[in-house]
Structures are given as C-alpha cells and as structure tokens.
Amino acid sequence: MQMKFMAPAFAVASCLCAGSALAQSSVTVQGLVDLSVGSVKMSGDKASTAAITPGGMTTSWFGFKGVEDLGGGLKAEFALTAFLRPDTGESGRFGGDTLFSRDANVALSGSFGRVSLGRDLAPSFLPVVIFNPFGDSFDVSPLVLHWYVPSGGFASRTWANSAAGDSGWSNEIIYSTPNFSGFSANMHYQFGEKAGDTGTRNIGLNALYFNGPLALSAFYQKVQVSNPLGGSAIVDATSAPVNFASINNQTAYFVGASYDLTAAKLYATYTSSKNDNAAGKQMDDKIYSLGTKIPAGGGDILLAYANTKRNGTLTASTEYKRDTLSAGYDYNLSKRTDVYAVLMSDKISTADRATSVIAGIRHRF
C-alpha cells in the first residue's frame with residue numbers, strides 16, 4: 001500500500017525536477033512546412049509553369065534551437081536551422097545552398113542586450129518582412145520579390161534583384177540592444193575574410209519601434225561580400241534588358257511604417273539602393289510599397305503593391321520599371337496551421353504583364 005502511494009509521488013517529483021532542469025537549459029526542434037500548388041509566371045518568363053512549389057507564404061525550414069540559463073540574467077543561445085524544399089525532399093533554397101543557410105550561430109544575452117556570432121540575418125531582413133502584409137513570402141510578396149528575388153532564375157535574369165548579399169550574412173557579428181520602451185536596434189558586421197584585405201566587408205544596422213498600433217523601422221547597409229559562400233556581392237544579369245557585370249559595392253537604406261486600425265492594418269515602405277562595379281558604372285533602384293491586412297472570417301485579406309524604378313549606366317534603358325500587385329486570403333485552421341490562396345500580377349516595363357495564382361497550406365511545429 002505504501003509503495004502504491006509512493007509511485008505516483010515519485011512520478012510527480014520526477015516531473016518537477018525535469019521541469020526545473022528544462023527551465024535552466026533546453027533544446028527544441030522547430031520548423032515549418034509550406035507547400036503550394038498553382039500556375040506561376042513572372043513578367044519576362046516565356047510561359048507559365050504549373051507546379052507544386054515549396055514555400056508559397058514562408059520558405060520551409062527545420063532545425064534546432066537551444067538556450068541555457070547561466071545565472072544572473074545571462075543566457076547562452078544557439079541556432080542551427082536549415083531550409084528545405086519539401087516538394088522534392090531536397091535541402092536548401094536552391095541547388096548549392098549550404099546546409100544551415102538559415103541559421104548557424106551562438107550567442108550570449110543579458111541586460112546588456114545580445115551578441116551573436118555566425119550566420120544570421122542581414123540588416124534588411126526584419127524590416128522588409130515585418131512591414132508588408134505577406135511577411136516573408138519569397139513567392140508572392142511584391143516587396144520581397146523586388147528586393148530579394150531575381151526573376152527568370154539565377155543563371156539568366158530578366159530582372160535582377162535589388163539586394164546584394166542575401167537575406168542572411170555569414171561570418172557575422174550582431175549586437176542587439178535591449179528593448180527601450182518599444183525601441184530596439186541591431187548592428188551587423190560581416191568579415192570579408194580575405195587575407196591582407198580588412199576593408200572588404202559588410203556592415204549595417206536596423207532599428208525597430210513598436211508602440212501600440214504604430215510600428216516604425218529603418219535599415220542601412222553597405223554590402224561588398226556575397227552570401228552564403230563568400231566572394232563579391234554579385235548582382236548580375238546575362239540577358240537584356242538588364243545586362244551588367246559584377247556589382248562589388250552596394251549601399252542601401254529603407255524606411256517603413258505600419259498602423260493597426262483594428263479594422264485594417266496599413267503598411268508603407270521606401271527603399272533606395274545604389275550599386276557600383278569595378279568599372280565605375282552604377283545601378284540605382286528606388287522601391288516603394290503599400291499594403292493592407294484586413295481581418296475577415298477567421299483569417300486575413302492581404303493586399304500588397306510594390307513599384308521599382310531602376311536607372312543608371314548599368315541598365316539597358318534610361319529608366320527600367322517593375323510593378324507587382326498581390327491579393328490573397330489567409331485562413332487559420334489552428335494556431336499552427338493555415339491555408340491560403342493568392343493572385344499576383346507582375347509587369348516589367350520591357351515585357352508583357354504576367355499572372356500567377358497559387359493555393360497552399362502552411363504548418364508550424
């Protein structure tokens with residue numbers, strides 16, 4: 001009889017001890033799987049493609065994150081997370097992508113803020129994905145497409161993306177400030193790791209402010225090193241109407257704002273980038289975007305528009321333009337699972353307008 005009562009008591013004590021241990025140190029397996037089906041055609045593409053594609057709303061990923069409480073408010077953290085393409089089972093965002101190209105870093109955090117070392121976010125990433133209604137969609141967010149994604153593929157681009165240096169930086173140190181009444185900032189430095197050349201590097205910073213319905217953000221970055229594998233910060237295109245060589249120096253800045261009216265959340269951003277190559281030629285981009293997210297029927301109506309004006313001595317015409325409009329609905333089946341449908345219209349000034357339509361499901365774990 002005594003043993004009968006001792007068994008559950010021992011089980012409870014074991015659970016309490018385990019909970020205490022987990023409070024001190026924990027490692028979690030996390031990830032997200034997102035697959036969509038539809039017909040995709042960007043302006044300049046020869047034809048539409050019917051396919052199942054990975055990451056309609058978010059690039060699929062999985063990995064490990066951990067934290068250890070070192071006492072006195074000091075914590076050690078790590079993240080090792082990898083992108084994947086669940087439509088084929090392949091790793092990475094594209095062929096040749098590194099295994100942990102999403103995150104590969106270790107950090108210390110405390111009352112002083114946070115310092116991380118390794119592969120981590122670029123200064124542009126958080127401002128760009130937070131201040132548009134489609135978030136971090138590299139398939140249908142107009143702002144993300146214009147800033148990060150080349151049209152026509154990486155080998156032969158009908159539209160070269162504006163950003164140099166990828167959405168994440170390798171060999172990076174980030175210092176993140178504590179939160180001061182809704183304001184925080186992150187300072188980024190990526191080593192070029194070239195012997196005898198300490199001047200080749202990436203530097204940047206961003207600032208974020210959240211206060212009730214209002215949110216504001218800005219970033220600045222100067223990019224000379226590509227990612228994730230190193231080398232020059234190349235933004236290249238081999239086909240008309242943009243035909244320019246390697247970009248080895250980019251300076252960019254961004255300002256963005258959002259305001260939540262409850263009935264709708266409004267977004268607006270402006271981005272400017274200047275690219276120089278070794279021959280002294282330039283490509284200048286000006287991007288503005290507008291968007292709204294409207295709660296409706298257990299989900300959100302999403303509307304977003306981005307417009308880029310490109311000029312400079314590296315472009316084939318005096319001014320080269322692109323505008324993209326996306327409209328969609330994202331419905332929450334649960335806290336971790338949602339389904340969505342999106343219609344997108346894309347137009348480059350030297351090509352016909354193209355239309356894409358996708359529907360998909362996203363699950364977080």
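Q: What makes the contact between R93 and D97 a salt bridge?
A: In this predicted model, the side chains of R93 and D97 come to 2.8 Å, N to O. A salt bridge needs a side-chain nitrogen of Lys or Arg within 4 Å of a carboxyl oxygen of Asp or Glu. The value of 2.8 Å lies within that limit, so the pair is called a salt bridge. Side chains of opposite charge can pair when their charged atoms come close.

Q: Why is D97 called buried?
A: D97 has a relative accessible area of 10%. Buried means under 20%. The value falls under the cut-off, so D97 is buried.

Q: Why is R93 called partly exposed?
A: The relative accessible area of R93 is 21%. Under 20% would be buried, and over 50% would be exposed. R93 lies in between, so partly exposed is the term.

Q: How do you know that R93 and D166 form a salt bridge?
A: Their side chains meet at 3.1 Å, N to O. The limit is 4 Å, so this pair also counts.

Q: What parts of the chain does the pair of R93 and D166 link?
A: The pair links distant parts, 73 residues apart. R93 sits in the loop between β5 (90-91) and β6. D166 sits in the loop between α3 (142-148) and β8 (168-176).

Q: Which residues are joined into one network by shared partners?
A: Salt bridges that share partners join R93, D97, R119 and D166. In the chain, the count comes to twelve salt bridges.

Q: How do you know that L117 can belong to a nonpolar patch?
A: L117 is found in strand β7. Patch residues need over 30% relative accessible area. L117 has 44%, so L117 passes that cut-off. The patch covers about 700 Å², and its members include L117, V115, F112 and L108. Strands β6 (103-110) and β7 (113-121) each supply at least two of its residues.

Q: Why is L117 called partly exposed?
A: Exposed means over 50%, and buried means under 20%. The 44% of L117 falls in between, so the term is partly exposed.

Q: What makes β1 and β3 a pair of strands?
A: Pairing takes at least two bridges. Strand β1 (residues 25-40) and strand β3 (residues 61-71) have eight, so they pair, in the antiparallel sense. S25 stands opposite E68 in β3.

Q: How do you know that β3 and β4 pair?
A: Ten bridges join β3 to strand β4 (residues 74-85). At least two are needed, so the two strands pair. They run antiparallel.

Q: How many helices and strands does the chain have?
A: The chain has three helices and 18 strands. Buried residues make up 44% of its 365 residues.

Note on methods
Residues numbered from 1 in each chain as written. Predicted model: local features only at pLDDT ≥ 70, side-chain atom pairs only at ≥ 80, totals over all residues. Heavy atoms only, no water. Helix = DSSP H or I, 4+ residues; strand = E, 2+ residues; numbered from the N terminus. Buried < 20%, exposed > 50% of the residue type's maximum accessible area, 1.4 Å probe, protein only. Patch = residues over 30% accessible without salt bridge, like charges linked within 9 Å, V, L, I, M, F, W, Y side chains within 5 Å. Areas by Shrake-Rupley, 256 points an atom, 1.4 Å probe, with all protein chains shown as cover.
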